[in-house]
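Trainee: I keep running into labels for helices, rings and residues. Could we go through a few and check where each label comes from?

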Amino acid sequence: MTEQQEQTAEDAMMTRIGQAVMLHHGGDREEAQGRFLGLWGEIGEDGDPLHRCTLAHYMADTQEDPSAELAWDLRALSAADELTDARVAEHHQSLAVRGFYPSLHLNLAADYLKLGRPEAARSHLRRARGAVGALEDDGYGNGIKAAIARLEREVGEGSEEE
C-alpha cells in the first residue's frame with residue numbers, strides 16, 4: 001500500500017510539473033515560474049532526480065536572465081547524472097536516461113553562447129552531438145538534431161553528421 005501511495009505521489013508531481021509547463025507554453029511565464037518555484041520547494045535539492053531534472057529543465061526556459069537559465073540547466077544536468085533507467089522507466093517505459101543528454105547539453109550550449117562563452121558552448125555542443133545516437137528517428141529526435149546543427153553553425157562547430 002505504501003509503495004502504491006509513493007508511486008501515486010510521484011505521478012502527481014510529474015502531473016503538476018506538466019501543468020506548469022502548459023502554463024508556460026500557453027504564454028504565462030510568470031505563473032509557470034511561480035509554480036515551478038513552489039514545486040522546487042516541495043521536491044528539494046535532494047529530492048527525486050527525475051522530478052528535479054524535469055522541473056529544472058523547464059524552469060530554465062522561464063528565465064529572462066541567461067545566468068539564471070544556466071543555473072537551472074546545470075541543475076537539470078546534475079539531476080540527470082543521478083537518474084537510472086529503472087527510475088525513468090517507472091515514469092514512462094519508452095524513456096532512457098541517455099536520451100535526455102542531447103537536449104540537456106544543447107540547452108547548456110545555448111546558455112553559454114548567450115553569456116558570451118563560445119568555448120563552453122562548443123564543448124556542450126560536442127557532448128550533445130556525441131549523444132544523439134540515443135535519440136529516435138522521430139519528430140523530437142530530428143528536432144534536437146536540427147537545433148544542434150543550427151547552433152553548431154552559429155558558433156562555427158560544424159559537424160558533417162546528422
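Predicted model: local features only at pLDDT ≥ 70, side-chain atom pairs only at ≥ 80, totals over all residues.

Trainee: What makes the rings of tryptophan 40 and tryptophan 72 a pair, and what kind of pair is it?

Mentor: Rings of Phe, Tyr and Trp (its six-membered ring) pair if their centres lie within 6.5 Å; planes under 30 degrees apart are stacked, over 60 edge-to-face, and the rest tilted. Here the centres are 5.1 Å apart and the planes stand at 85°, so tryptophan 40 and tryptophan 72 form an edge-to-face pair. The count by this rule is one aromatic pair. Tryptophan 40 sits in helix α2 (residues 29-43) and tryptophan 72 in helix α4 (residues 66-82), 32 residues apart, so the pair links distant parts of the chain.

Trainee: How do you know what counts as a helix?

Mentor: Helices are DSSP runs of H or I with at least four residues, numbered from the N terminus.

Trainee: Is histidine 57 buried or exposed, and how do you know?

Mentor: Histidine 57 has a relative accessible area of 16%, so it is buried. Histidine 57 belongs to helix α3 (residues 49-61). Leaving aside neighbours within four places in sequence, histidine 57 is in contact (heavy atoms within 4.5 Å) with Asp73, Ala76, Ser103, Leu104 and Asn107.

Trainee: And what about leucine 106, buried or exposed?

Mentor: Leucine 106 comes out at 9%, so it is buried. Leucine 106 lies in helix α6 and, not counting residues up to four places away in sequence, touches Leu125, Ala128, Ile144, Ala147, Ile148 and Leu151.

Trainee: Which direction label do α6 and α8 get, and why?

Mentor: The axes of helix α6 (residues 101-114) and helix α8 (residues 139-155) come within 10 Å and cross at roughly 30°. That makes α6 roughly parallel to α8, because angles under 35 degrees count as roughly parallel, over 145 as roughly antiparallel, 65 to 115 as roughly perpendicular and the rest as oblique. Axes are lines fitted to C-alpha atoms, for helices over the stretch in contact, and angles run from 0 to 180 degrees between N-to-C directions.

Trainee: Why does the pair α6 and α7 get its direction label?

Mentor: α6 and helix α7 (residues 118-131) pack at about 165°, with their axes 8 Å apart. The angle is in the antiparallel range, so α6 and α7 are roughly antiparallel to each other. Among the residues that meet there are Leu106 and Leu113 in α6, and Leu125 and Ala128 in α7.

Trainee: What about α7 and α8, why that label?

Mentor: The axes of α7 and α8 come within 10 Å and cross at roughly 150°. α7 and α8 are therefore roughly antiparallel to each other. Their contact includes Arg122 and Leu125 in α7, and Lys145 and Glu152 in α8.

Terms used: Residues numbered from 1 in each chain as written. Heavy atoms only, no water. Helix = DSSP H or I, 4+ residues; strand = E, 2+ residues; numbered from the N terminus. Buried < 20%, exposed > 50% of the residue type's maximum accessible area, 1.4 Å probe, protein only.
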